[in-house]
Amino acid sequence: MTTENNITKADVAHVASLAKLKFNDNELEKFTGQIEDIIDMVNTLNEVDTDNVKPTFNVTDQFNRMREDVAVRSGDKEALLANAPDTENGFIRVPAILDESEEA
Amino acid sequence: MKFFDISVSELHQKLVDKELTVTELVSQTLDQIEADQKVLNDFITINRTDALSKAKEIDEKGIDPDNIWAGIPIAVKDNIITKGLKTTAASKMLGNFTPIYDATVVERLQAHDVIIIGKTNMDEFAMGGSTETSFFGDTHNPWDHTKVPGGSSGGSATTVSAGNSIAALGSDTGGSIRQPASYTGIVGVKPTYGRISRYGLIAFGSSLDQIGPMTRSVEDNAALLNIIAGLDERDLTSSDKEVPDFASKIGKDIKGMKIGLPKEYLGEGIDEAVKAVIQEAVQVLTDLGAVVEEISLPRSNYGVAAYYIIGSSEASSNLQRFDGIRYGYRADDVKSLEDVYVKTRSEGFGDEVKRRIMLGTYSLSAGSYDAYFKKAAQVRTLIINDFNQVFENYDLIIGPTAPTPAYAIGAEVDDPTTMYMNDILTIPVNLAGLPAMSLPAGFVDGMPVGLQIIAKPFDEETMYQAGAAFEKATDFHQKHPEMEDK
């Protein structure tokens, strides 16, 4: 498995679309080579016998911490909107979701 | 003013004795930082106005003689959010982002009247080991301006190393505090996972990230950890374990202490001159009465591979929030919602961040999850088991922090897999959630080399005890780069 790794430009373009990223042809070329190298490196994990080994996703023994279900005020609207790229009348403004619509 | 030869408690005494006002201290610190910024580029934002007004407030209120941090200016890495003070994570994506609340560590600093002097440069979203992936330009190592300071906390390491800040906060996901501490000749600590709240730390790899102190001395380091550690209801991974005085064992001898030296940490890929520095450090510790024995962490060599899958997977998920809608950068000339996402992210993130998002998305995607993400998480378990086994018989583990001293700016920037291997000695600690320190242990060709001390979970006190004993027996921490006192 370590040797039969063939990442194609189409694979990289597909993963990019899942990640909401887009590359031009030059970038796609460069990233395909680099990601192939990285995948080769991480494939060395196949040398390790992990049969019946439990995966570790977090090192704490803490599972969850619940709080009382009480409404609290958290940040005022103006402050929250201050970092938004585009606002109107106290709302965040975004472009039309459907291509054919003319106005937001 | 330079902080080369003064501890926090000595500086505090000067403030108490009114030899120096907080305003004078802060103003001289700002002048020095601004003067060196042109050569070092270690700050993204210098907090002049606010720091001076805070200084004035504290002068008016008076210095609490029991609070050694009152009025002390410190630098904060720019991925730790500060209310009203621009916080960018060194990314174009957050180039104009002004947080509306403080990180828990920042609240705790401010509760102790610490003054935030500025926000330090770093690798973009803490992804990198050289501070070269910053959108705001490279930071230069104070020991040799043609070399990297390490990363990702390169700006924090640089300002402390240059004597411009007496302390700084960094964050460490795979070595991002310890490796730059090693490259710049300072003390950097990654505490146990859960010791410090991550609330307000811009997330990279949430099961690995930990904030920690960067200082010139072991004592100052423990003193800074003392005021930022402890349970926080807003971070469910923060630990409810009691917070001790981390300096409580500093000054105690280390006779009979059992220290393991992993043979893998002095193996292939480690610079011979670095190995020699570490062998000398082993001799120093032995002379102090510690028992240093060779041990093995057989799976540690797989740490880098496991880390790049786990860290990148977590990053790909964490960075989905950057969508151009609610805050941060939004691309111009977008026609649809899909456009907002894709153009914003493609223009807002740099290449290293994109590589990690890609690797993470790939590792988590249908058909790859078992082969990559789950496999890496299983190897993580084995790496933890290796540490547990050693800690049954040893108090601490030591080794080099990094395989080499700092390298030339630009040398590795287009070769991600080579760059990733620089973290081979620091990554296993993050995977296992352990506390670890890097402290000055010698020089190779005029560049500093760090000794790494790894402790059991929540046993930072023993780590500080051994670090302080080593520091007292050597003079490497007293050496500093030649920087003009302005």
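**Exercise 1. Find how many residue pairs are in polar contact across the interface of chain A and chain B, and which elements of chain A take part in the contact.**

Step 1. Across this interface, 18 residue pairs are in polar contact, both residues at pLDDT 80 or more. A polar contact is a pair of N or O atoms within 3.5 Å; within protein, one must be able to donate a hydrogen and the other to accept it, and residues adjacent in sequence count only if both atoms are side-chain atoms.

Step 2. On the side of chain A that touches chain B (contact: heavy atoms within 4.5 Å), helix 1 (9–18), helix 2 (25–42) and helix 3 (77–82) each give two or more residues. Helices (H or I, at least four residues) and strands (E, at least two) are DSSP runs, numbered from the N terminus.

Step 3. Helix 2 of chain A supplies the largest share, 9 residues.

The model is predicted: local features need pLDDT of at least 70, side-chain atom pairs pLDDT 80 or more, while totals for chains, interfaces and linings use all residues. Residues are numbered from 1 along each chain, and side-chain values use heavy atoms, without hydrogens and water.

**Exercise 2. State how many salt bridges link chain A and chain B, and describe the one at Lys30(A).**

Step 1. The count is 2 salt bridges. The rule asks for a side-chain nitrogen of Lys or Arg within 4 Å of a carboxyl oxygen of Asp or Glu.

Step 2. Lys30(A) pairs with Asp351(B); their closest N and O atoms are 2.7 Å apart.

**Exercise 3. Decide whether Asn67(B) is buried or exposed.**

Step 1. Asn67(B) sits in the loop between helix 3 (48–61) and strand 2 (73–77) of chain B.

Step 2. Asn67(B) counts as buried because its relative accessibility is 11% (buried: under 20% relative accessible area, exposed: over 50%, partly exposed in between; 1.4 Å probe, protein chains only).

Conventions
Chains lettered and ligands numbered in written order.
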